[in-house]
8 protein chains.
Amino acid sequence: MKARLIAIAVVNVLSVVVSESAFADSIAEQPLTVNIKRLSLDAAMRIGKAAIDKCRKEGVQITVTVIDRGGHEQVVLRDVLAMDLSIPISKKKAYTAMSFNSPTSALVDRFDGAYSVPKVAELIIAAGGIPISIGGNIMGGIGVSGAPSGVTDELCAQAGLAAVQEDLELE
Amino acid sequence: MKARLIAIAVVNVLSVVVSESAFADSIAEQPLTVNIKRLSLDAAMRIGKAAIDKCRKEGVQITVTVIDRGGHEQVVLRDVLAMDLSIPISKKKAYTAMSFNSPTSALVDRFDGAYSVPKVAELIIAAGGIPISIGGNIMGGIGVSGAPSGVTDELCAQAGLAAVQEDLELE
Amino acid sequence: MKARLIAIAVVNVLSVVVSESAFADSIAEQPLTVNIKRLSLDAAMRIGKAAIDKCRKEGVQITVTVIDRGGHEQVVLRDVLAMDLSIPISKKKAYTAMSFNSPTSALVDRFDGAYSVPKVAELIIAAGGIPISIGGNIMGGIGVSGAPSGVTDELCAQAGLAAVQEDLELE
Amino acid sequence: MKARLIAIAVVNVLSVVVSESAFADSIAEQPLTVNIKRLSLDAAMRIGKAAIDKCRKEGVQITVTVIDRGGHEQVVLRDVLAMDLSIPISKKKAYTAMSFNSPTSALVDRFDGAYSVPKVAELIIAAGGIPISIGGNIMGGIGVSGAPSGVTDELCAQAGLAAVQEDLELE
Amino acid sequence: MKARLIAIAVVNVLSVVVSESAFADSIAEQPLTVNIKRLSLDAAMRIGKAAIDKCRKEGVQITVTVIDRGGHEQVVLRDVLAMDLSIPISKKKAYTAMSFNSPTSALVDRFDGAYSVPKVAELIIAAGGIPISIGGNIMGGIGVSGAPSGVTDELCAQAGLAAVQEDLELE
Amino acid sequence: MKARLIAIAVVNVLSVVVSESAFADSIAEQPLTVNIKRLSLDAAMRIGKAAIDKCRKEGVQITVTVIDRGGHEQVVLRDVLAMDLSIPISKKKAYTAMSFNSPTSALVDRFDGAYSVPKVAELIIAAGGIPISIGGNIMGGIGVSGAPSGVTDELCAQAGLAAVQEDLELE
Amino acid sequence: MKARLIAIAVVNVLSVVVSESAFADSIAEQPLTVNIKRLSLDAAMRIGKAAIDKCRKEGVQITVTVIDRGGHEQVVLRDVLAMDLSIPISKKKAYTAMSFNSPTSALVDRFDGAYSVPKVAELIIAAGGIPISIGGNIMGGIGVSGAPSGVTDELCAQAGLAAVQEDLELE
Amino acid sequence: MKARLIAIAVVNVLSVVVSESAFADSIAEQPLTVNIKRLSLDAAMRIGKAAIDKCRKEGVQITVTVIDRGGHEQVVLRDVLAMDLSIPISKKKAYTAMSFNSPTSALVDRFDGAYSVPKVAELIIAAGGIPISIGGNIMGGIGVSGAPSGVTDELCAQAGLAAVQEDLELE
């Protein structure tokens, strides 16, 4: 498995676009394994704390959830008076952002009707989720819920990502 | 934990706004515990009975559910011919009202599209739910279901709250 | 429990309107028990067969489900090539019709938005469900699914009810 | 529908034994409807309060749930410090007792292995559930959860039933 | 697809043993399609009615469920006073019997521990389920629930199968 | 059971239209069994591989799911970087296409409101699902998820079907 | 609501024993509200970090979950290579310990048979969960999962509690 | 992130043992990311086909499921007559084997009582599941279901792994 393989360009709507040269011939020519990057717990906690701190500065209490590429929680932090509902909502925002490799705020007008892809229980289209994606590698997602407006939720999620992004890009 | 800490001003949409002075510095400066107020069973029953009685005076049979801050039932009363469906509907109304600290009737136009926050199974946007919130303390929610119109459902929920509100404010 | 008590007038949207004189004073003045009428298996099978036969005459294969007042199946008949999906759909139509005491076809424009009462999993707003309601007694519901159009589904459900209605009214 | 029909002798393990003369010939000879007795809300509340009071006298806080024949809640009362878990446990005890027409305490040694009937999610085999069954009519169930011992739970459930039993038998 | 292909000998525990000559070489040599036999609605109803009638002769009211090879209901008949719980139990018995191609009564001692295959929600190991299997073709299952003893449940299921077995073998 | 029976004309929306002559008289005149065609594993794999290959040529990684008439997976293939969410989405597309015997892309404008048939969890109305239906026999469905556009998803599903269609028609 | 009210002695098995004098007379004499203590996010994070650190010293990677009295997550920390399964397991251990106010390790022999209270999905009887209970106030639970032995899991949970216990007792 | 970090020695029961030197100091000293190896689709298909072929040689039809480290399906292949139930069973076996990094056959006597870790729905303790673990890297799991005996299921799963193991070790 070469590093360049996963340096793919990721486009929208659940899609992972591969260079044609890598896969076009047949299934048999794939490498045996690929590497999926996963944040360490430390990195995930830095994200979580930065999101909590940013929202406190904004005067709100929230829940932040950081998930890995498999959709599973690495860190969940709920501020003491944040509503319980913010726990599942923050996870769904993180998962939605990761699955579409897009901030959830950018997905609001993407889907028509009431029966399209986002009707599945794991997804929610509301601002506050952003993907963790560095150099084409989707590593997970961050979701924030609890602020009076999704704009604030997203701001806090971004503050979370900012706490590790430079280090991730240098790695 | 000081009493004034939880005398926060609670705003809308899952949000709990804290005074910046209390939390802005760091996570480490929070007090170790906060107190979450919970109604006694007696108080919850007074709410439930008053809601049932009000709806009987309106000529309808309903279910009323009173939940605590953790979203769990304290009292459920279903009048004898109220439809079974009114049981989960009344709980979802109570939970929605508490989570947004708002009567559910005021939430009807708040969310766009079909995939936003209220798509999660625990929520329903239909009149008949009100929060139990005294002096900035969210203590739970009341949900009523079964009347021909949500306006009547909400009227009965309000009658329920009225049965304890004055005593709660004096406490 | 007197027979006249359950001869109530049932109105719409989950509501059961009681005469004020019966219940207005207090909870303590209700009779100790009421009688909920339930169709015999024979009656439910007559409904099911009549619905199947009507749809065969219309040239389609369907599933018909008859539920009791508690929402539980009494009879499910699926014609041999009807799609599996018609099983849960027919049950949800029956349950919706019973819960609102209305043909599901009459409910199509009743609810606004995407987060109102019918978002709960047990309900579906599509033609093909009718209540079993005689003389003010709601006894259950009939749901049909599988025809190319909901109009036909409802036609077959009505044929099912017609097979027992006269006898029920004479009882 | 004659009253004597539902005066059936009810035996154990989900069974309802009918007199052979009533049903032996064919499905077509059943009456069109039967009456299922349901407690009024008042009666159900008397049960609930009596169970709460009895357990308070025993020095414990509990949840009591009263269900109707369809398995749906009529009354749920949770004392203020009873654990949330006691809510679903009390319902499952009530449902189990009703379904087998037996106190749950009498079912403990009835089932072998780990994969028999009580493995379904609705059932639990632990003391604290009793059926509401008068003169052969199964009307519902009472479940209590929260006491240190199931013996106490059952004691409170019985106190609940005692509050209405005489009146029910006189009716 | 030749008829002889599906005339396989079916053995136990989820297994379908094929003749080695048919499949041994490679995946590519399978025929493109096989035929899965499914009972007509008429045949399934004959089964259901015969099971109900047999249990009435035994003096008990039951639910009988007939499922197809895909595990979906073809017929569900619940006698008027059979407990609601008998609906899902009868389906699980039918599904278990079909999946293991064995009466459920013969499976009671087959599995050790509490965490083996039958722990999945779809299965139950209790007498009353039998497979519908003619000449090596598994076509579905029959489940009966509601009698005081599983022996009676199984007796009624067998009476159901007997109502069509001879005709099925002649077909 | 004659082959011509299942050579029915299948129409839309969960419907299976039968010739009136076959079924019009009574339930009792149905043949005892019908044959439901099911693809072999080999055929299903040819479909799956062709869909994967087509999408790789289009430069995207996807999941393809092939289901049988009972709605159960025969083959699931997920390309290495396709998002996990594409697994359930591809299955729901396959199931929707089969249930309505229509490409999912043709269903987009078929349903009004937010509470109609496709609200059930098993269904999704988004391009990428097609039925496997030869000569009037519905045998299953193919669902593809993961491409940036549903148009591409459907293209790959069609490439999958094309890999076996001719052979199926010759059979 | 006086502080002494919630200084109750909490006993075992879902029970909360109240002083008879407080509640014995009637429901109407309860105070209107009680205070439920909840850990701050800071306190919950100190618990979580101490549990992670202790297990790292033991050479294992784990997930730790801290829940409040309502059963909802305050903090979830999963070490980078801990199995995903440790997420729900740690939550169930925390919830079980809180619900019974006992370390889960002490519950192993408490329940007979396979159908008793712990069969509900929220509970698990395996070492690694401990309650957060100070001076008779149950405030939540801590669950750890991922170590080769439950003994180590519990050791890490205890290290978590130790990080705040003294401060809690002084409060 | 160095390759040697994930070359950890993995022990039993959900545990991942790390070298003390790597993590002992504090959370802050972890590297920012780790690499989780994932099989390519090609490799997963080689496993699946080899398992199917082995079981065909043994004369049985099965389902084989290959999951990645996140617990999600990469390949599911169900032989044409394998029971539908073998689909979820094969996945649970794969997930159990991966989560405990052990063949499921070795776990049979590991857990006491009926309420321990494997009671969660995702797990099953029955032979037929093996982990995909090379040089200390857990990459996923293989589960086989459908043979008359779990011994045969495991044999086929091992044949699946054998098809790629040498290449994986050389990589």
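**Figure 1. Salt bridges across the whole predicted model.** A search of the whole structure, a predicted model, finds 64 salt bridges over all chains. Side chains of opposite charge can pair when their charged atoms come close.

**Figure 2. Asp68(B) and Arg38(B) form a salt bridge.** The closest N and O atoms of this pair are 3.5 Å apart. The pair links distant parts of the chain. Asp68(B) lies in strand β4 of chain B, residues 63–68. Arg38(B) lies in strand β2 of chain B.

Figure 3. Between chain B and chain D the count is two salt bridges. Polar contacts join 13 residue pairs across these chains, with both residues at pLDDT 80 or more.

**Figure 4. The side of chain B that touches chain D draws on several elements.** β2 (33–39), α2 (41–57) and β5 (73–78) of chain B each supply at least two residues. Which element gives the most? β5(B) does, with six residues. By type, this side of chain B has eleven nonpolar, three polar and eight charged residues.

**Figure 5. Chain B and chain D bury about 1,800 Å² between them.** The size of an interface is often given as the accessible area lost when the parts come together. Carbon and sulfur atoms give 56% of the buried area here. In chain B, the residues that lose the most area to chain D are Leu41(B), Arg78(B) and Val80(B). Together they account for 32% of what that side buries. The contact takes 22 residues from chain B and 22 residues from chain D.

**Figure 6. Strands β5(B) and β5(D) pair across the contact.** The strands run antiparallel. Three bridges join them. In chain D, the strand covers residues 73–78. Leu77(B) stands opposite Val75(D).

**Figure 7. A rotation of 180° superposes chain B on chain D.** The shift along the axis is 0.0 Å, and the RMSD is 0.0 Å. Why does this count as a two-fold axis? Because a rotation of 180° with 0.0 Å of shift is the relation of a two-fold axis. The same surface serves both copies: 100% of the contact residues of chain B recur in chain D. Which residue of chain B comes closest to the rotation axis? Val76(B) does, with its C-alpha at 2.4 Å.

Conventions:
Residues numbered from 1 in each chain as written. Chains lettered and ligands numbered in written order. Predicted model: local features only at pLDDT ≥ 70, side-chain atom pairs only at ≥ 80, totals over all residues. Heavy atoms only, no water. Contact = heavy atoms within 4.5 Å. Buried area = accessible area lost by both parts, 1.4 Å probe. Salt bridge = Lys/Arg side-chain N within 4 Å of Asp/Glu carboxyl O. Polar contact = N/O pair within 3.5 Å; in protein donor to acceptor, adjacent residues only side chain to side chain. Helix = DSSP H or I, 4+ residues; strand = E, 2+ residues; numbered from the N terminus. Nonpolar A, V, L, I, M, F, W, Y, C, P; charged D, E, K, R; others polar. Pairing = 2+ DSSP bridges. Least-squares fit on C-alpha atoms with pLDDT ≥ 70 in both.
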